[in-house]
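Reader: I've got a model open and I'd like to learn how to read it. Could you walk me through it?

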Amino acid sequence: MLLAEVTGLVVAAPKAGELEGVRFAVLQPLGADLRARGAQVVAIDTVGAAEGQRVFTAAAGSARLASGMRDRPVDLAVVGIVDEITLAPGGRA
Amino acid sequence: MNIGRVVGRAVSTQKDDKLVGTTLLLVEDVDAATGAGTGDVAVVADTIGAGAGDVVLVTHGSAARFSAATRDRPVDALVVGIVDSVRMGGADTFSRRGGFATAPPHRTPAKARSARGRRM
């Protein structure tokens, strides 16, 4: 699962009918040093993450196992908000 | 999912039977904050009527088959929304009417986005 920081929200319409009322978050993936790494992506958010929060995601088929997303055209879902990260000694952050 | 800009349309007459009637767009990935094109482009199925210049949300992989119009069809990228706005840090970085707040160094020649476009 991807570790990322919420950097924004997307409002989109018309959506495919299957995505009516779904909330979209812009995510910046984080690297081992907990800094931005790689291109920003968009995920559906069913847990109510706010900008600036660190989250983790489920991708591909697993994204459709997020609450209410069964059989919807979703490939990335925020499935948890990170409260705290503890890095092992020798971690890069 | 990612955000991209519709930079063209692909026409194909010889294709899988299951793709007959499917609109195929060329979508270039853009940076969600600045709108700058990354240079990566994909052929993306569209069932909601996105047009040239629209900023769209694209879903990838098997998710692209989870819409009524693409179910069980050989499609791995689908437009699922036309973006109205992107909000970051309390301000809109993009709105459908005004475009990106920071003018992107857009790579696509203006001609390719005209109504007629260029055939290449």
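Author: Along the sequence the pattern reads β-β-β-β-β-β-β-α. This is a predicted model, where local features need pLDDT of at least 70 and side-chain atom pairs count only at pLDDT 80 or more, while totals for chains, interfaces and linings use all residues. Residues are numbered from 1 along each chain as its sequence is written, with chains lettered from A and ligands numbered from 1 in the order in which they are written.

Reader: How many residues of chain B are in contact with chain A?

Author: Two residues are in contact if their C-beta atoms, placed from the backbone, lie within 7 Å. Here 28 residues of chain B contact 28 residues of chain A. On the chain B side, strands E1 (2-10), E4 (55-60) and E5 (77-88) each give two or more residues, and E5(B) gives the most, with 10.

Reader: And which residues touch the most other members of the largest nonpolar core?

Author: Such a core is a set of buried Ala, Val, Leu, Ile, Met, Phe, Trp, Tyr and Cys residues joined through C-beta atoms within 7 Å; buried means 20 or more other C-beta atoms within 10 Å of a residue's own. The largest one has 55 residues, and A:Ala43, A:Ala77, B:Val56, B:Leu57 and B:Val83 touch the most other members. E5(B) supplies the largest share, 7 residues. Beyond four places in sequence, B:Val83 has contacts including A:Val10, A:Ala12, B:Ile3 and B:Phe94.

Conventions. Helix = DSSP H or I, 4+ residues; strand = E, 2+ residues; numbered from the N terminus. Buried ≥ 20, exposed ≤ 12 C-beta atoms within 10 Å, placed from the backbone.
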